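Here is a short tour for anyone opening this entry for the first time. Take a moment to turn the view around, then read on.

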Amino acid sequence: MEQKAVKRREKDLKFWERIYIPEILKGLSLTFKNMVRPKFTFEYPEEKFVPSSAYRGRPVLVEEENGEERCVACGLCSRVCPALAIEVQAGETEREKERFPEKFEINMLRCIFCGFCEEVCPEEAIVMSKDYELAFSSREEGIYGKDKLLVPANQLQDRIDFLRQYK
Amino acid sequence: MPKFTIDNREIEFQQGQTIIEAAIDNGIEIPHFCWHPELSVSGNCRICLVEVEKMPKLVIACSTIAAEGMIVHTQSQNAIEARNVVMEFILINHPLDCPICDEAGECKLQDYTYQYSIGESRFTENKVIKQKHFELGPRVIFDGERCISCSRCIRFCEEIAKDPELTFVQRGDRVTITTYPGQQMDNPYSMNTIDICPVGALTNKDFRFKARVWDMSSTDSVCTGCAKGCNINIWVRNNEILRLTPRYNQDVNSYWMCDHGRLNTFKFVNGEDRINSPHIRKEGQLEKVDWDESFNEAVTRIKSYPKDEIAFLGSAYTTCENNYVLALFAGSVVGSNHIDFISHLDPDFGDDILRKNDITPNKKGAELVGITPSKSGLNFEGMRKAIKEKKIKALLIMEDDIVSSVKDIENVLGNLELLVVLASNFNKTTELADLVFPTATFAEKNGTFVNADGIIQRIKPAVATVEADRALDGFEMSRLDKFGSEFDRWMTGAKMDAKPGWKILKSLSGLLGKKMKFNMAEEIFEDMAANIDAFKGLNYDDVGNSGVKLKTENIENAVTS
């Protein structure tokens, strides 16, 4: 049953409400209170927002100190991706882990930032970064290859620590 | 029939069957690594342990002969615990590198770990280090650490390939597989060991790391490497064939296929030399033209010759449907009696396992559908002579590179005024052609082949041409095929502008004034079934996935040779 909204008519107002001035002061006091409250808006883009480690920005590949990617091109991220954003082509290398991604592309037009790729990754090789600035002007530019995806591990330490703690 | 009870179900068995065989016949799954229906029993993996009442210990279902009144439990507490323990034991030294391993997705060990293991290990020591990436042969790579010593590959080489090359060496946890000294695993069937390997220890050198199995679609088809017609699956990703694997058919190839068929019969489909759109020779050079122009050109030029001066060559490489339409085209559209095809025999190719000396997939089919000269017509030798004497001035060749395979034919073909070639790839014959029509390969069309044993089998399209649509034309679709769009790079694999041979001939006959009513391969087959004794009463559904043996008397009547 829908409850009938109680309409307050002029005749229902109390005396202090009817004389109007205290109500104005009440309103103004709220205004002044907010004027002196600390700001929480940013002067973006001059001032950048730095998200917490729980933030899911664009997915990136972890690059080890020797310049190699951790990724072994198992294709699980590609399989689990609900938006089919990830394409991986594996290749063979001489390294101890004999498989590596010859091609690793994330279509940022498809990506929905769900973080499943990060969750499923057995190598901690793909993590969600803090990068939220993803402007591009064509479909082609929206497909990020290894050149854009590889990020040195030390820049991602925050997120990796977060994952180790909570994943 | 004797009976025994398994999991409270009474099942019939044949005398001499093992428990696992009887169970599988009745749809009860007992896990197995080392047991394979076509190989001898080895009994070393122990995963098929079952509990049999009144037996003191658990027994392995693969080597225990079923007996009347036996009571078997596969799901009792003891059996389940035994399986857990066996899984734990096998996984002790098996590396957990599924992300790197190519077998992932079709790995028995992976599946069974999920189904039968509790997922815990008490093993805290280091895993044994063994040789990785060891080339057992030119086509197979061995990873010692992943091997679970089931010995399927060893038994395969001995029993099926009849070429014992592999053996176990060392003992205990250091046991590994190697070839006999100075030998390689290079028998012509070696790659079947990759399929039967229950783990990723043996991998396909050609296919390694190319694709995840779950990213590909798999289409039932038939190998075109020889007249045996081994049943295969065609694995396609992004409209490109990446591998072929054998498909079980007890009447033809069992579980196997030869390495030649597996490696050499599909690469031309995505080859660089594929013919993409029709070509006409203008001023000595083949030039790309559109379909209408090529059809008109062909028709005007064919019309300019009396019907006795035109000859036709069908092909044992292409389907019954294509050959049948060619026979109709030659006979009732053009009215020529000169029609034949060339058999290609390689006496070095055959063996007594699967491979046949006839290296074409459809010689019998070509004969059955009427690619044979009628009484007044010329056979190939006759045509050759007549072309030399310039009595035959026009020749249409369908899907056969005769210049590469027939000795000294090149000069003879030079005498022709018109050479029309239907081919999928540029080859030595198209080099001489005046008109080239691009045809769909075996992986791009529907059709049937009749193998050396008279079994008719279907091929199905796995790769889309320009005129085909995976969804609308009923192709097998992978997840990527289903959800991809034209903007996804993994969906933009090349599509060839080619048509099945019969469609080209149908267009030509329409322009020559005789319309053919066929719109799909199935309708041609119906027409064949109505007109040719050997195919009487058959349709595509009957042929199905495993083929039908044609009635022998019908074949004998039809085939005059």
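What follows goes through the chains, their contact and a few local details.

## What kind of model this is

What you're looking at is a predicted model. The predictor gives the complex an ipTM of 0.88, along with a pTM of 0.92. For chain B, the mean pLDDT comes out at 94, and 98% of the residues in chain B reach 70 or more.

## Chain A from a distance

Let's start with the overall outline. Chain A has a radius of gyration of 26 Å, while a compact globule of 167 residues would be near 15 Å. Along its principal axes, the C-alpha trace of chain A spans about 85 × 45 × 40 Å.

As for burial, 25% of the 167 residues of chain A count as buried.

## How chain A is built

Chain A has 6 helices and 6 strands. Follow the sequence along and you get the pattern α-α-β-α-β-β-α-β-β-α-β-α. If you look at contacts in chain A between residues at least 6 apart in sequence, 74% of them join residues at least 24 apart.

One feature to pick out is an open sheet of 3 strands in chain A, in the order E2-E3-E5, with antiparallel pairing. E2 and strand E5 (143-144) of chain A are the edge strands, as each pairs on one side only. The antiparallel pairing of E2(A) with E3(A) runs over 7 bridges. In general, strands of a sheet pair through backbone hydrogen bonds, either parallel or antiparallel.

## Where the chains meet

How many residues of each chain are in contact with the other? The contact involves 19 residues of chain A and 12 residues of chain B. On the side of chain A that touches chain B, the elements giving two or more residues are helix H3 (76-80), strand E2 (86-92) and strand E3 (99-107) of chain A. E2(A) gives the most to that side, with 4 residues. So E2(A), an edge strand of the sheet, also has a part in the contact with chain B.

Sorted by class, the side of chain A that touches chain B has 9 charged, 7 nonpolar and 3 polar residues.

## Inside chain B

Chain B is assigned domain 1 (3-92), domain 2 (123-270) and domain 3 (279-467 + 494-558). The centres of domain 1 and domain 2 of chain B, taken over C-alpha atoms, are 27 Å apart. Their contact takes 11 residues from domain 1 of chain B and 14 residues from domain 2 of chain B. On the side of domain 1 of chain B that touches domain 2 of chain B, there are 6 nonpolar, 4 polar and 1 charged residues.

## A closer look at Arg274(B)

Arg274(B) sits in the loop between helix H6 (259-264) and strand E14 (279-282) of chain B. Why does Arg274(B) count as partly exposed? Because 18 other C-beta atoms lie within 10 Å, whereas a buried residue needs 20 or more and an exposed one has 12 or fewer.

Leaving aside neighbours within four places in sequence, Arg274(B) is in contact with Ser424(B), Asn425(B) and Met496(B). The C-alpha atoms of Arg274(B) and Phe426(B) are separated by 6.3 Å, although these residues are 152 residues apart along the chain.

Notes:
Residues numbered from 1 in each chain as written. Chains lettered and ligands numbered in written order. Predicted model: local features only at pLDDT ≥ 70, side-chain atom pairs only at ≥ 80, totals over all residues. Contact = placed C-beta atoms within 7 Å. Nonpolar A, V, L, I, M, F, W, Y, C, P; charged D, E, K, R; others polar. Rg over C-alpha atoms; globule rule 2.2 N^0.38 Å. pLDDT = per-residue confidence, 0-100. Domains from an automatic or database assignment. Pairing = 2+ DSSP bridges.
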